Amino acid sequence: MTAFLDSAHRFSVGFERIFLETAPFLLLGAFTSAVVAHLFTDADIQALFKGGTLGSVIFGILAAVILPVGDGGSALVARQLLRKGAGVPAAAALMAAGPGVTLIATGAGLGATGMAGLAGLRFATAIILALVFGLILAQESEPKRIIKVGNLPTVGGDSASLLEGEGQVSKAKAIVLTASIEFLEWMPLLVIAALLGGLLQALIPGGWNPPVSGSGAWQNAGSGLWAMLTAQSAVGDLHTVQNGLSSWSAGAQRIYLLVGMAVDVKLILFYGRIFRFKVLLYWILLSLSLSLMAGLVIESFGGLS
Amino acid sequence: MKRNARIKFSALALAVLGLFQLSLIWDGRLADYVDPRQGILVFLTGLGCVILAQVVLSTAGKRSTNTVENDGHKEDSDAEGSWKSAGLIWLVVPLMVFLLFR
């Protein structure tokens, strides 16, 4: 009975943590997406995000830095950009870089004591990941083979039919309504991710949670797995690592931050709504291998000061 | 009227979600789930959901008025249009998990 209650408690904490940490970013993403839908024309978006491949990818990353689109919110904005005719590489770069480079996550990293180095590492890795991912996707000339076109929002910012027959409606109201619709549309995915993450957290053995005892590789693996299952936001990741600075190994801290930023339960579900399975698989493999490589490179140079 | 009812239900769901998040801060249980330093994000989200609910509800009210004035000619024409909120029942899950496993 005690074991069941313990598992139930772990499930509850895991579920609510994923839900509560992601909801703010989802709401911000919904608002940003609604603003893009109503304040920018297709021509504006295409002028910025559809030029030469490298240029458009860099614009995508810059947009991710400026816009508050971390942790899931970036998927909503990327989807809206695609609907408005942005190139797939640019939208993918924005989506991939969002969690690691957004101003909220960067600000939280710089503001947290002793975390500036790790936050900087995450920022740089996010940019490299987004750049590589964008350039890989640029090799495919047919967008339909990369994205699920049927899941793009409808023309008119989704609130078109809702507002039909209401005459002149202010843009502010249209933005708020579109944001509500997008937020509610993505909410089931968040709840499914939280259920899945909470369940897996409750089921895996307690010894697998960081700090894991054993070799460095085992500690890193435990840390990476935990980052994927806890699916914390970019801000929550930082706080967790900061709280475990004394007990986690340096490698485990890095892996937790880098993997958590790129691949976790909720992000896989969110990205899977836009990208086809094959692309999603590329993304997971790319981010895991790059995180590992970044860790090895830093290790060979004696770690972060 | 089907779509109008759905809009009202969406507003209700948003309000419940917003109040749920605000209540977690109010009774201090937020610290059981997330780092308290993220309280400001949760607070703003809760507040945002309540405001969204109010705006969505006001739209529903306006639509009702228009429907009466227009003798209800167009209301049900695209009841299954782009108002993609069919999964609203999902919003109940966080509350259930909170209440059952707290």
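Leaving aside residues up to four places away in sequence, A:Pro99 touches A:Gly70, A:Asp71, A:Ser74, A:Ala105, A:Ala234 and A:Met261; two residues are in contact if their C-beta atoms, placed from the backbone, lie within 7 Å. The model is predicted, so that local features need pLDDT of at least 70 and side-chain atom pairs count only at pLDDT 80 or more, whereas totals for chains, interfaces and linings use all residues. Residues are numbered from 1 along each chain as its sequence is written, chains are lettered from A and ligands are numbered from 1, both in the order in which they are written.

The predictor's confidence in each residue is expressed as pLDDT, on a scale from 0 to 100. The average pLDDT of chain A is 86, and 92% of its residues score at least 70. Within chain A, confidence is lowest in helix H8 (residues 160-163), with a mean of 54, and highest in helix H13 (residues 265-274), with 93. Helices (H or I, at least four residues) and strands (E, at least two) are DSSP runs, numbered from the N terminus.

A:Pro99 is located in helix H5 (residues 88-101) of chain A. This residue counts as buried because it has 27 C-beta neighbours inside 10 Å. A residue is buried if 20 or more other C-beta atoms lie within 10 Å of its own, exposed if 12 or fewer, and partly exposed in between, with C-beta atoms placed from the backbone. A:Ser74, one of the contacts of A:Pro99, is 25 residues away from A:Pro99 along the chain, and the C-alpha atoms of the two are separated by 7.4 Å.

A:Asp71, also among the contacts of A:Pro99, lies in the loop between H3 and helix H4 (73-83) of chain A. A:Asp71 is buried, as 33 other C-beta atoms are within 10 Å. Its phi is positive, at about 40°, although A:Asp71 is not a glycine. Most residues other than glycine have a negative phi. A positive phi, near 50°, is likewise found for A:Ala231, a residue other than glycine. A:Ala231 belongs to the loop between helix H10 (216-230) and helix H11 (234-243) of chain A and is buried, with 32 other C-beta atoms within 10 Å.

A:Leu54 is part of helix H3 (residues 53-66) of chain A. With 13 other C-beta atoms within 10 Å, A:Leu54 is partly exposed. A:Leu54 and A:Ala43 are eleven residues apart in sequence, and their C-alpha atoms are 19 Å apart in space.

Helix H7 (residues 116-137) and helix H12 (residues 250-262) of chain A pack at an angle of about 40°, their axes being 10 Å apart. H7(A) is therefore oblique to H12(A). Axes are lines fitted to C-alpha atoms, for helices over the stretch in contact, and angles run from 0 to 180 degrees between N-to-C directions. The residues of H7(A) that meet H12(A) include A:Leu118, A:Leu121 and A:Leu129, and those contributed by H12(A) include A:Leu257, A:Leu258 and A:Met261. A:Met261 is also among the residues touched by A:Pro99.

Chain B contains four helices and zero strands, and its elements run α-α-α-α from the N terminus on. Of the 102 residues in chain B, 30% are buried. Among contacts in chain B between residues at least 6 apart in sequence, 81% join residues at least 24 apart.

Terms used. Angles under 35 degrees count as roughly parallel, over 145 as roughly antiparallel, 65 to 115 as roughly perpendicular and the rest as oblique.
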